[in-house]
Amino acid sequence: LPSCSCVLVTTPPKRAWCAANMVNVPAPRFRVQAHVLYHGLGYFGICGIALGIAYPLMKTDEEKRKVLEAKYGDNVRVAQQKNKDMAEFFQKVHVEHSQVIN
C-alpha cells in the first residue's frame, strides 16, 4: 500500500455477457427515485383530479355554438359573407390567370 493517506478503491470485475452464464445474470431492477415519484404524482395527479372535476362541467360544442351565435351572430354572418366574396374573387382571378397562360 502507498504511504499516503488516500483510500484504495477497488471495483468488482464486470461479468461478460454470453449465453453460458445467462443464468447467473441478475434481473434488472426497475427503480423510481423518490423525488421523481413525488413530482410525477403531484403534477399528473393534481391535473387528473382537476380534469376529472372540470370535465362534467364543460359545455358541449352545440351549447358553445348557441352562446356564440347569441352574442356574436352578426359578426359570424358578416365573416361568412366575406369568406364567400373572397372565394368568388379568387376563383375569378384563377380563371383569368389560367386564360392568360393558355
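In the predicted model, Arg 77 is partly exposed, with a relative accessible area of 46%. The side chain of Arg 77 takes part in a salt bridge with Glu 69, with a nitrogen-to-oxygen distance of 3.0 Å. Glu 69 is likewise classed as partly exposed, at 38% relative accessibility. A salt bridge also links the side chains of Arg 77 and Asp 74, here with an N to O distance of 2.8 Å. Asp 74 has a relative accessibility of 56% and therefore counts as exposed, the cut-off for this class being over 50%. Through shared partners, the salt bridges join Glu 69, Asp 74 and Arg 77 into one network. The number of salt bridges in the structure is two. Side chains of opposite charge can pair when their charged atoms come close.

Arg 77 and Asp 74 are both located in helix H2, which covers residues 61-101. The two residues are three positions apart in H2, or about one turn of the helix. Helix H2 is not straight: a kink of about 90° is centred on Tyr 72. The end C-alpha atoms of H2 are only 46 Å apart, whereas a straight helix of 41 residues would span 60 Å at 1.5 Å a residue.

The secondary structure of the protein consists of two helices, with zero strands. Helix H1 comprises residues 34-54, and Val 36 is one of the residues in H1. Val 36 is partly exposed, with a relative accessibility of 46%. Together with Phe 30, Val 32, Leu 37 and Leu 41, Val 36 makes a nonpolar surface patch of about 550 Å².

Phe 89 counts as partly exposed, at 45% relative accessibility.

For the protein as a whole, 2% of the 102 residues count as buried, a class limited to residues under 20% relative accessible area.

Terms used: Residues numbered from 1 in each chain as written. Predicted model: local features only at pLDDT ≥ 70, side-chain atom pairs only at ≥ 80, totals over all residues. Heavy atoms only, no water. Salt bridge = Lys/Arg side-chain N within 4 Å of Asp/Glu carboxyl O. Buried < 20%, exposed > 50% of the residue type's maximum accessible area, 1.4 Å probe, protein only. Helix = DSSP H or I, 4+ residues; strand = E, 2+ residues; numbered from the N terminus. Patch = residues over 30% accessible without salt bridge, like charges linked within 9 Å, V, L, I, M, F, W, Y side chains within 5 Å. Areas by Shrake-Rupley, 256 points an atom, 1.4 Å probe, with all protein chains shown as cover. Expected span 1.5 Å × (residues − 1). Bend = angle between axes of the 7 residues up to and from the residue.
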